[in-house]
Amino acid sequence: MTATIIDGKEFAARVRVKVGNHVTRLKNDHGITPGLAVVLVGEDLASQVYVRSKGKMTVEVGMKSVEHKLDINTAEADLLVLIDQLNNDLDIHGILVQLPLPKHLDEELVINSISPAKDVDGFHISNVGLLGTGQKSMVPCTPLGCLMMLRDHHGSLSGMNAVVIGRSNIVGKPMAQLLLGDSCTVTIAHSRTKDLADVVRRADIVVAAVGRAEMVPGDWIKKGATVIDVGINRLNAPEKGEGKTKLVGDVDFDSCAAVAGAITPVPGGVGPMTIACLLANTVTACCRANGLDEPEGLTV
Amino acid sequence: MNGAQIDHRLIDGKAVMARILDEVSAYFAEAAIGGRVARLVSVSIGDSPEVAVYVRNQARAAVKAGIRFDQELWSNEVSQEDCKQLIHEMNDDPEVLGIILQRPVPDHINVRSLQSAIHPLKDVEGMNPASIGNIVYSDMALAPCTAAAAVMLIKETGLDPKGLEVVMIGHSEIVGKPVALLLMAEGATVTVCHHMTRSLAIHSRRADVLVVAVGKAHLIGADMVKPGAVVIDIGINHVVGSDGKSQIVGDVDTDAVKEIAGWVTPVPGGVGPVTVAMLMRNAMAAHQRQKAVGWIE
C-alpha cells in the first residue's frame, strides 16, 4: 500500500477547532453567539441519530443549538410557519430541515421557504444558482468538506484534471462547480458515461459519489491520483459473524490505495467532514448576517 | 439559393431561428384569442452602440414571434436603487410578460443584483440565480439563451447527447457553465476546460461534441478536432481581415475545421440567430409558467 490515508476524523476535528475559535472571537469581540436550528419531522431512526450528533457538536463548538422535533403528521402550513419564525429570529443564523421529510410534505417548497442566507445545507434554489454562477452562496456541506480536504492535501488545485463520478444535486453537481471554481479541468461522469474506466484513468483527482459499493477498482486509478470517496454503502459481512454488516465506499479501497497517491477511507473519511462543514456554514452565515469578515478557511 | 451550393457541414442557424420563431408565433397567436398578451420589455442602461445592435435584433425577432416588444433606455446616471425599484414595478405589472436587462451596464450598476431582482417567472434571459438553480436541478424551462441555443444546434444534427463526450471550452457563468449543466442533464459526459486547462488539445480531440466560448479568434484549428465531431462556435470576435476591413469571426477556424468535423456552426449565422430565437422561446415558456401559477387566465 502506497497511498497516504486522508484521515477525515482528524481533519474534521481540526475544522471544528477552527470553528470553535471563531465562535469564541464572535462572543468576545462582538457579543454574538451563532445559532443553529435543526428541524426534524417524524421519527426516522437514522435522522434522529444525525440530529442528536449535530446538536451535540453544535454545543461543543460553543454555538447555540435549537431542535424542533415535530410530529410525523405535522401539516405543511404549520412547518412553514415554524420556518418563517426561524427566518425572522435574529438569534438563529442557520436553519437545517432534516431530510427526507414525510411523504405528505413538499420537500422543495419547504427547503425554498428557508431564507437563503440561513440555508446552511445550501439546497435553496437561489444558493444552488449562486454557486452555479460562481457567486457567494451557502455551499452544500459534503462537497465543501471534500474541497477542504483536497485543498489541505494539495494546496492549489489549479490545472488538475478532476473527474466527479455521479451527478447528484447534493454532491456531484456542487462538487463539480467547486472544482471548477478552483480552476480544475472538470469532467462529470455518471451512469450513462461510456468507457468510464478511461475517463477515470485520466484524473488527477477522483471524487466518487454514486452510491454503488466498491464500484471503482484500482486499475481505473491513475498512479498517484487523489481519491475522495463520498459513498457510504452497507454490505453484509458474514466474515465478522452472522448478521454482521460493514460500511464500504464507492471505491474498492485496497486496490485503489495500492495505486493512488492519497485516498479517503470509509468510514472515517468524508463522513465526519459533513457535520464539521455544517458548523462552518453556520459561522459563515452568522458573520455575513452581522456584516463581519468571513472566517478564513471555513468557506469557499 | 440553389440546393447544390449549400454546405451541409455548416449548421444553418438562421433556418433554426425561423423554425423556432414560427413555433412561438403560433403559440402567441393562439394565446391572444384569450385576451391581449403582455409585452417584453428591453432595458438598456446608458447609451451603447453595441447594445443597440442586440436590441434591434431582438425587436425584429419579437415581431416575427408575434410578441409586443418595448425598448426602455434608462439614463447613464440612474442609481442602482432606482433600477431595482423600476424592475420591481415591472415585476408587479401584469402588462409585462418578461424583462430583458441588456449588458453591458455602466460601472456603477451591479448587474447581478439587478438580475436577481427580476422575478424568476419574468426572467426570460434565464439569469436570475433561481433560474440557474433550476437548471442545476434539471428543470430546463428558462435556460440562459446562448446556452440553450448551443444545445438546440447540437440536436439539430440528429445526434442524441446521451452518452456523448462533450468538451466545453470556457467556463463563463452565462455560457460555459449552463451549457455543461444542460448537456449533463441530457446524459452527456461533460468536461469543462478553461484558461488553466493543461493540454487543451488532448481534451478537445476526444470530444464527440466540442462547444467553444472563450472569445479568442480561431483558437480551435483542425488539429484540435476529432473527425466527425460536432463543433459549436459561440465566439464572436472582431478582427481585421487581409483586405483591411473589420470582420466577425468565431473561436473556431471554420474553414479548416469543417474539413475534419461532421458539423460546425458558422460565425456569423450560427449560434447568434438561434440565441435571439431562444429569447422568444423563453418568453413563451414564461407565459406558460405564469399561466400555470394563475397570474394570467
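Axes are lines fitted to C-alpha atoms, for helices over the stretch in contact, and angles run from 0 to 180 degrees between N-to-C directions. The structure is a predicted model, in which local features need pLDDT of at least 70, side-chain atom pairs count only at pLDDT 80 or more, and totals for chains, interfaces and linings use all residues. Residues are numbered from 1 along each chain as its sequence is written, while chains are lettered from A and ligands numbered from 1 in the order in which they are written.

Ten of the ten residues of helix α7 (residues 176-185) of chain B are buried, so this helix is largely enclosed by the rest of the structure. A residue is buried if 20 or more other C-beta atoms lie within 10 Å of its own, exposed if 12 or fewer, and partly exposed in between, with C-beta atoms placed from the backbone. The buried set includes B:G176, B:K177 and B:P178 as well as B:L181, B:L182 and B:L183. Just after α7(B), B:G187 takes a positive phi of about 95°.

Two strands pair if DSSP finds at least two bridges between them. β6(A) and strand β5 (residues 189-193) of chain B pair in the antiparallel sense over three bridges, and the bridge partner of A:T187 in β5(B) is B:T191. Within chain A, strand β8 (residues 226-229) and strand β11 (residues 262-263) run parallel and are joined by two bridges; A:V227 stands opposite A:I263 in β11(A).

## Contact between the chains

The contact takes 25 residues from chain A and 26 residues from chain B, two residues being in contact if their C-beta atoms, placed from the backbone, lie within 7 Å. On the side of chain A that touches chain B, α5, α7 (172-181) and β6 (185-189) of chain A each supply at least two residues. α5(A) gives the most, with six residues. This side divides into eight nonpolar, 13 polar and four charged residues. Ala, Val, Leu, Ile, Met, Phe, Trp, Tyr, Cys and Pro count as nonpolar, Asp, Glu, Lys and Arg as charged, and the others, Gly among them, as polar.

The axes of helix α5 (residues 125-132) of chain A and helix α5 (residues 129-136) of chain B come within 7 Å and cross at roughly 85°. α5(A) and α5(B) are therefore roughly perpendicular to each other, the class for angles of 65 to 115 degrees; angles under 35 count as roughly parallel, over 145 as roughly antiparallel and the rest as oblique. Among the residues that meet are A:I125, A:V128 and A:L130 in α5(A) and B:P129, B:I132 and B:V136 in α5(B). The residues of this helix contact divide into seven nonpolar, six polar and no charged.

Chain A is divided into domain 1 (30-115) and domain 2 (141-271), with bounds from an automatic or database domain assignment. Their centres, taken over C-alpha atoms, are separated by 29 Å.

Three strands of chain A form an open sheet with parallel pairing, in the order β3-β2-β4. β3 (64-70) and β4 (94-97) of chain A stand at the edges, each with a single partner strand, so one side of each is left without a neighbour in the sheet. Neighbouring strands of this sheet are turned by 15° against each other on average, direction ignored. Four bridges join strand β2 (residues 35-41) of chain A to β4(A), and A:L36 has A:G94 as its bridge partner in β4(A). Helix α2 (residues 45-60) of chain A lies across β2 and β3 of chain A at about 170° to β2(A), whereas helix α3 (residues 76-88) of chain A lies across β2, β3 and β4 of chain A at about 175° to β2(A).

## Domains of chain B

Chain B is divided into domain 1 (3-127 + 274-292) and domain 2 (145-272), and the C-alpha centres of these domains lie 25 Å apart. Their contact takes 13 residues from domain 1 of chain B and 18 residues from domain 2 of chain B. On the domain 1 side, α1 (13-33) and α10 (271-292) of chain B are the elements that give two or more residues. The largest share of that side, five residues, comes from α10(B).

Strand β1 (residues 39-45) of chain B and β3(B) pair in the parallel sense over five bridges, with B:G98 in β3(B) as the bridge partner of B:L40. Five of the six residues of strand β3 (residues 96-101) of chain B are buried, so this strand is largely enclosed by the rest of the structure.
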